[in-house]
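Work through the following exercises with the sequence and the model at hand. Each task is followed by a solution in steps.

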Amino acid sequence: MEAHNGDRLLTHGRTVGQPDQVAEIIEVRGPRGTPPYRLRYADGHESLAYPGPDSVVQHTGADRTGQEESERR
């Protein structure tokens, strides 16, 4: 799993009826984009996480240089 600041972490609900959780990755503490990640949720709550197999990183449109994908074309 590799992430960058500004990406989103989607964690799927573990039981029926439990909603998915989405958080913004505000800090990557591992080498080369690996966990742990400092997360900020929509309600302002922050936590440190080592995501499991029920989580997916949703990358933003910016690459490592901060250049938007549309600007590179």
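Two strands pair if DSSP finds at least two bridges between them; helices (H or I, at least four residues) and strands (E, at least two) are DSSP runs, numbered from the N terminus. This is a predicted model, in which local features need pLDDT of at least 70, side-chain atom pairs count only at pLDDT 80 or more, and totals for chains, interfaces and linings use all residues. Residues are numbered from 1 along each chain as its sequence is written, and side-chain values use heavy atoms, with hydrogens and water left out.

**Exercise 1. Describe the elements of the protein chain and the order of the strands in the sheet.**

Step 1. The protein chain has 0 helices and 5 strands, so from the N terminus on its elements read β-β-β-β-β.

Step 2. The 5 strands form an open sheet in the order 4-3-2-1-5, with antiparallel pairing. Strand 4 and strand 5 are the edge strands, and each pairs on one side only. On average, neighbouring strands of this sheet are turned by 35 degrees against each other, direction ignored (axes are lines fitted to C-alpha atoms, for helices over the stretch in contact, and angles run from 0 to 180 degrees between N-to-C directions).

**Exercise 2. Trace the pairing of strand 3 with strand 2 and with strand 4.**

Step 1. Strand 2 (residues 21-28) pairs with strand 3 (residues 37-41) in the antiparallel sense over 5 bridges. In strand 3, Y41 is the bridge partner of A23.

Step 2. Strand 3 also pairs with strand 4 in the antiparallel sense, over 4 bridges. Opposite R40 stands E46 in strand 4, and opposite R38 stands L48 in strand 4.

Step 3. The hairpin of strand 3 and strand 4 has 4 residues between the strands, and G44 takes a positive phi near 95 degrees there.

**Exercise 3. Is S47 buried or exposed, and which residues does S47 touch?**

Step 1. Locate the residue: S47 is in strand 4 (residues 46-49).

Step 2. Apply the cut-offs: buried means under 20% relative accessible area, exposed over 50%, and partly exposed in between (1.4 Å probe, protein chains only). S47 has a relative accessible area of 19% and therefore counts as buried.

Step 3. List the contacts (heavy atoms within 4.5 Å). Not counting residues up to four places away in sequence, S47 touches Y37, R38, L39 and Y41.

**Exercise 4. Where does Y50 lie, and which residues is Y50 in contact with?**

Step 1. Y50 lies in the loop between strand 4 and strand 5 (55-58). With a relative accessible area of 64%, Y50 is exposed.

Step 2. Leaving aside neighbours within four places in sequence, Y50 is in contact with P35 and P36. The C-alpha atoms of Y50 and P35, 15 residues apart along the chain, are separated by 5.5 Å.
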